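Thanks for coming, everyone. Let me put the structure up, and then we will walk through a few places in it.

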Amino acid sequence: MKDAKYLSSADNPLIKRLKVLLEGGAKANKTRQDLGLAVLEGVHLAQAWLASEDLVELFTTESGLAQAEIAAVIDMQLAVVPNTDLYILDDALWRKISDLENGPPIMACVRIPKHDFPVKQSDDVLILDGVQDAGNVGSMMRTAAAAGLSYVVCLKGTAQAWSPKVLRAAMGAHRHLKIFEAWSLNMVREKIKLPLIATSLMSDQDLYDLGDDLLDPHAWVFGNEGGGVDPELLAISRSVLIPQDPCIESLNVGAAAAICLFEMRRVRREVK
């Protein structure tokens with residue numbers, strides 16, 4: 001095992017940084033942006049980044065090292081990327097910084113990758129317009145990756161994509177996505193050349209009647225949990241309705257995204 005660094009003080013600058021990155025709110029978001037780092041909690045997320053050069057730090061406890069699953073993650077990461085830093089925290093300090101009381105004691109710091117949005121697009125795009133719930137954002141990212149999408153654009157007002165809650169809900173999908181944040185409506189107009197499809201309860205166009213139109217790449221737009229898609233964005237999009245029983249007013253935005261993206265996948269699968 002690589003030489004580990006042992007930490008026991010809450011005043012250690014590294015621990016202070018870790019605590020901020022684990023928080024929500026504007027301060028944590030700014031710290032993530034300034035440092036270009038995000039924190040993964042739990043074995044599953046650490047496994048999702050295994051063998052990546054972007055995984056730069058691992059954190060656990062002595063009791064964590066005794067768990068076979070955690071030890072396997074650490075051993076494999078250090079074998080493939082030996083310059084990964086390993087930190088061992090005492091149990092009391094771990095309890096002070098982790099909210100996951102019953103979770104296995106392992107965290108990882110990863111670099112937030114930076115991508116250039118392609119000038120010419122041939123791949124579908126998921127656009128999140130003010131989706132505020134972190135669970136919804138993470139779930140939609142997971143759905144996008146499962147449906148074969150690579151690009152996710154988050155407009156201003158959307159939950160921060162690399163926050164711990166979004167990362168947990170996405171279950172490792174971030175590793176497979178190119179994520180762009182804090183876009184404006186003007187940026188959508190300037191950069192996205194694909195036709196836009198937005199869900200709307202007021203549309204006369206049935207999702208299931210799109211048929212072969214879904215064979216071509218699109219940018220799929222899903223809006224705020226309460227207000228839906230911004231009217232200006234809806235005006236430049238083709239609006240579609242997901243047919244449903246009128247006893248329910250509307251669908252959860254995460255469910256709507258899953259229905260639309262997998263209808264697209266179904267249509268394309270049938271022509272192969």
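Start with helix α5. Its buried residues are Ile70, Ala71, Val73, Ile74, Gln77 and Leu78. How are they arranged around the helix? Look down the axis of α5: the buried residues fall within an arc of 160°, so they line one face of the helix. Turn to the face pointing away from that buried side. There you find the exposed residues Ala68 and Ala79.

Keep in mind that this is a predicted model.

A quick check on the length of α5. The helix runs over residues 68-80, which is 13 residues. At 1.5 Å a residue, α5 should span 18 Å. The C-alpha atoms at its ends are 18 Å apart, so the two agree.

Cys247 is in no disulfide, and the nearest cysteine sulfur is that of Cys260, 19 Å away. Now take Cys260. The closest cysteine sulfur to its own is in Cys154, at 17 Å, and that is too far for a bond. A disulfide would need the two sulfurs within 2.5 Å.

Cys260 has 0%, so Cys260 counts as buried.

Now the backbone. Two residues deserve a stop here. Met171 is not a glycine, yet its phi is positive, about 55°. Where is Met171 found? In the loop between α8, residues 164-170, and β8, residues 178-183. Met171 has a relative accessibility of 36%, so it counts as partly exposed.

The other residue is Ala182. Its phi is also positive, near 60°, and again the residue is something other than glycine. Ala182 sits in strand β8. With a relative accessible area of 47%, Ala182 is partly exposed.

On to Thr158. You will find Thr158 in the loop between β7, residues 151-155, and α8. Its relative accessible area is 14%, so Thr158 is buried. What does its side chain reach? The backbone oxygen of Leu128, at 3.0 Å. The backbone nitrogen of Gly130 too, at 3.0 Å. Set aside neighbours within four places in sequence, and Thr158 is in contact with Leu128, Asp129, Gly130, Val131 and Val137.

Last stop: Asp124. Asp124 is in the loop between β5 and β6, where β6 covers residues 125-129. At 8% relative accessibility, Asp124 counts as buried. Which side chain does the side chain of Asp124 meet in a polar contact of 2.6 Å? That of Arg268. A polar atom of the Asp124 side chain also lies 2.8 Å from the backbone nitrogen of His218.

And who else touches Asp124? Not counting residues up to four places away in sequence, its contacts include Leu149, Ser150, Tyr151 and Leu194. Asp216, Pro217, His218 and Trp220 touch Asp124 as well, along with Met264 and Arg268.

That is the tour. Over to you for questions.

Definitions and conventions. Residues numbered from 1 in each chain as written. Predicted model: local features only at pLDDT ≥ 70, side-chain atom pairs only at ≥ 80, totals over all residues. Heavy atoms only, no water. Helix = DSSP H or I, 4+ residues; strand = E, 2+ residues; numbered from the N terminus. Expected span 1.5 Å × (residues − 1). Buried < 20%, exposed > 50% of the residue type's maximum accessible area, 1.4 Å probe, protein only. Arc of directions from axis to C-beta. Polar contact = N/O pair within 3.5 Å; in protein donor to acceptor, adjacent residues only side chain to side chain. Contact = heavy atoms within 4.5 Å.
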